[in-house]
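Reader: I am new to this structure and would like to learn how to read its features. Please take them one at a time.

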Amino acid sequence: MTASSPSTLDLMDQWQPPPKKRGPRGCVMLALLVVGALVAGAVWVVVSLNDREPVPVKPVFTVPALTPAPRSAIPGDAGPLPAEPAKDAWIAKVSENTDIPSRALRAYVNAAAKAPARCDITWATIAGIGRTESQHARHDGSRAGEDGIVTPPIIGIPLDGSPGVLAVVDTDKGALDGDAKWDRAVGPMQFLPATWKRYGVRASGDGVAPDPQNIDDAAMTTARYMCARGGDLGKPTGWWTAVLIYNNSTQYGQEVFSNADAYGKAALKP
């Protein structure tokens with residue numbers, strides 16, 4: 001007998017004398033009571049469901065795929081950066097329209113605002129990178145907290161020369177990516193450790209070392225890197241140069257272009 005099998009004493013305790021047989025009238029009455037209960041229950045369920053408010057389903061933000069030739073165009077106008085008194089309301093509205101988490105969107109807006117004016121980088125372009133690289137710090141269940149820290153940390157695959165993968169031998173002794181043999185891209189904007197070491201910037205200016213797993217630091221470093229490498233992103237040559245240096249793939253550039261264009265249009269909606 002197994003541990004889950006009932007003992008003889010258990011079976012004896014559960015025994016009950018057999019019920020008396022019901023006559024035809026008793027069976028009919030019992031059947032009517034059962035049917036009545038079922039009907040009443042069904043009516044209650046229907047009324048209860050009809051009384052409930054419908055649950056709104058948030059539509060998924062879709063990005064139309066655009067395929068401009070490299071250096072032929074830039075994404076559409078994303079509109080002016082929000083002024084400080086209205087920034088919170090603007091971020092809430094655009095976050096709702098685009099499915100960009102408000103914490104990530106704030107990081108993108110602040111990074112664009114602090115970029116050199118001559119660079120002309122938009123928050124939508126930074127957001128376009130963020131969507132492609134990590135779905136705005138949401139890759140594999142990660143999230144950016146109110147303090148900007150992304151948890152769990154986002155760390156890419158080892159760049160070990162596998163088919164379709166570059167071979168990049170470790171450059172930071174695993175300090176940022178936890179890998180002392182091969183480098184891995186880190187953070188929501190997916191920087192290589194060597195690139196982060198050169199361009200990483202602390203958004204808060206508090207003197208602490210820049211953290212690639214901080215959405216504010218990562219967004220501002222993206223703006224710094226793209227402005228340094230592309231020059232004027234308000235022109236097709238500059239925009240494409242910056243994006244293709246970020247990732248040398250026309251398909252990648254077209255995806256970021258599509259993201260940025262869609263975000264800009266969504267932000268301009270009333």
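Reader: How much space lies in the largest pocket?

Author: Rolling a probe the size of a water molecule over the atoms shows where empty space is left. This is a predicted model, and in it the largest pocket holds about 700 Å³ of space.

Reader: How many residues line the largest pocket, and which lie nearest its centre?

Author: The lining has 24 residues, and those nearest the centre are Glu-133, Ala-185, Gln-190, Tyr-246 and Asn-247. By class, the lining has 14 nonpolar, nine polar and one charged residues.

Reader: Which helix gives the most to the lining of the largest pocket?

Author: Helix α5 does, with three residues. Both α5 (123–134) and α8 (236–246) supply at least two residues each.

Reader: How much space lies in the second largest pocket, and which residues lie nearest its centre?

Author: Its space is about 230 Å³. Of the 18 residues that line the second largest pocket, Pro-75, Gly-76, Ala-78, Asp-120 and Thr-122 lie nearest its centre. Here too α5 gives the most to the lining, with three residues. The lining divides into eleven nonpolar, five polar and two charged residues.

Reader: Next, helix packing. At what angle do α5 and α9 pack?

Author: To read a helix pair, take the angle between the axes, then the residues that meet. The angle between α5 and α9 is about 125°, and their axes are 8 Å apart. The two helices are therefore oblique to each other, and their crossing is right-handed.

Reader: Which residues of α5 and α9 meet?

Author: On the α5 side they include Trp-123, Ile-129, Arg-131 and Glu-133, and on the α9 side they include Tyr-252, Glu-255, Asn-259 and Tyr-263. This contact has nine nonpolar, five polar and three charged residues. Glu-133 is also among the residues nearest the centre of the largest pocket.

Reader: At what angle do the axes of α8 and α9 cross?

Author: They cross at roughly 120° and come within 9 Å. So α8 and α9 are oblique to each other, and α8 passes α9 in a right-handed crossing. Trp-239, Trp-240, Val-243, Leu-244 and Tyr-246 of α8 meet residues of α9 that include Thr-250, Tyr-252 and Phe-257.

Reader: What is the angle between the axes of α3 and α9?

Author: The axes of α3 (residues 87–98) and α9 (residues 250–268) cross at roughly 125° and come within 9 Å. These helices are therefore oblique to each other, and α3 passes α9 in a right-handed crossing. In α3, the residues Trp-90, Lys-93, Val-94, Asn-97 and Thr-98 meet Tyr-263, Ala-266 and Ala-267 of α9. That contact has five nonpolar, two polar and one charged residues. Tyr-263 is also one of the α9 residues that meet α5.

Reader: Now the backbone. Is the peptide bond from Thr-151 to Pro-152 cis or trans?

Author: Most residues other than glycine have a negative phi, and most peptide bonds are trans. The bond from Thr-151 to Pro-152 is cis, with omega near -15°. Pro-152 is in the loop between β2 (150–151) and α6 (193–199).

Reader: Is the phi of Asp-99 positive or negative, and where does Asp-99 lie?

Author: Asp-99 has a positive phi of about 65°, although it is not a glycine. Asp-99 lies in the loop between α3 and α4 (102–114).

How values were computed
Residues are numbered from 1 along each chain as its sequence is written. This is a predicted model: local features need pLDDT of at least 70, side-chain atom pairs count only at pLDDT 80 or more; totals for chains, interfaces and linings use all residues. Side-chain values use heavy atoms; hydrogens and water are left out. On a 1 Å grid over the protein atoms alone, a cavity is a set of points where a 1.4 Å probe fits but cannot get out, and a pocket is an open set with protein on both sides within 12 Å along at least five of seven lines; lining residues have an atom within 4 Å of a point. Grid points are joined across faces, edges and corners, and a volume is the space filled by probe spheres set on the points. Helices (H or I, at least four residues) and strands (E, at least two) are DSSP runs, numbered from the N terminus. Ala, Val, Leu, Ile, Met, Phe, Trp, Tyr, Cys and Pro count as nonpolar, Asp, Glu, Lys and Arg as charged, and the others, Gly among them, as polar. Axes are lines fitted to C-alpha atoms, for helices over the stretch in contact, and angles run from 0 to 180 degrees between N-to-C directions. Angles under 35 degrees count as roughly parallel, over 145 as roughly antiparallel, 65 to 115 as roughly perpendicular and the rest as oblique. A crossing is left-handed if the near helix is turned anticlockwise from the far one by less than a right angle, and right-handed if clockwise. Contact means heavy atoms within 4.5 Å.
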